[in-house]
Amino acid sequence: QVHVVESGGGLVQAGGSLRLSCAASGRTFSSYAMGWFRQAPGKERELLAAISGTAEGIYYAGSVMGRFTISRDYARNTVYLQMNSLKPEDTAVYYCVTDPTVQTIQLGLGSWGQGTQVTVSS
């Protein structure tokens with residue numbers, strides 16, 4: 001089984017930045033894709049970004065393209081989501097997920113973390 005734990009959420013003003021971290025354990029890190037979802041109040045979960053095990057395949061949602069960057073640190077078994085130019089509409093609980101492929105993550109499969117709250121004030 002794969003276990004992931006998110007951290008780095010918090011309260012930030014519009015235009016500010018945060019970096020979320022997701023630490024993974026239980027499997028060979030480089031063999032698994034990783035992704036970030038978010039869920040805002042009253043809305044369904046939205047896939048924001050995903051990265052393949054080799055980091056050659058990367059996906060971004062249109063809503064965050066150019067503002068958010070996903071990356072992975074193989075030495076630390078950690079995936080990051082760098083979030084810049086944050087907007088109030090980015091307020092949500094952010095979840096990390098891992099599964100063998102980006103494609104299966106897009107289907108909502110995988111092992112999920114507990115979530116971390118991001119709040120952006122205007």
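I looked for cavities first, and the count came to one of 30 Å³ or more. Grid points are joined across faces, edges and corners, and the volume is the space filled by probe spheres set on the points.

Ground rules before I go on. This is a predicted model, where local features need pLDDT of at least 70, side-chain atom pairs count only at pLDDT 80 or more, and totals for chains, interfaces and linings use all residues. Residues are numbered from 1 along each chain as its sequence is written, and side-chain values use heavy atoms, with hydrogens and water left out.

**Back to the cavity**

The largest cavity has a volume of about 40 Å³. I noted its lining (residues with an atom within 4 Å of a point): Val2, Ala24, Ser25, Gly26, Arg27, Thr28, Phe29, Tyr32, Met34 and Thr98. I sorted these into five nonpolar, four polar and one charged. In that sorting, Ala, Val, Leu, Ile, Met, Phe, Trp, Tyr, Cys and Pro are nonpolar, Asp, Glu, Lys and Arg are charged, and the others, Gly among them, are polar.

**Salt bridges**

Next I searched the whole structure for salt bridges (a side-chain nitrogen of Lys or Arg within 4 Å of a carboxyl oxygen of Asp or Glu) and got four.

Which residues are linked in a network of salt bridges? I found Arg38, Glu46, Arg67 and Asp90, and I went through the pairs.

- Arg38 pairs with Glu46, with the closest N and O atoms 3.1 Å apart.
- Arg38 also pairs with Asp90, at 2.8 Å between the closest N and O atoms. This pair links distant parts of the chain, 52 residues apart: Arg38 is in strand β4 (residues 33-39), and Asp90 is in the loop between β8 (78-83) and β9 (92-99).
- Arg67 pairs with Asp90, again with the closest N and O atoms 2.8 Å apart. Arg67 is in the loop between β6 (58-60) and β7 (68-73), 23 residues from Asp90.

Strands here are DSSP runs (E, at least two residues), numbered from the N terminus.

**Buried or exposed?**

I then checked accessibility (buried is under 20% relative accessible area, exposed is over 50%, partly exposed is in between, with a 1.4 Å probe and protein chains only). Asp90 is buried, at 1%. Arg38 has 8% relative accessibility, so I put it down as buried. Arg67 has 11%, so it is buried too. Glu46 has 26%, so it counts as partly exposed.

How values were computed:
Helix = DSSP H or I, 4+ residues; strand = E, 2+ residues; numbered from the N terminus. 1 Å grid on protein atoms, 1.4 Å probe; cavity = no way out; pocket = protein on both sides within 12 Å on 5 of 7 lines; lining within 4 Å.
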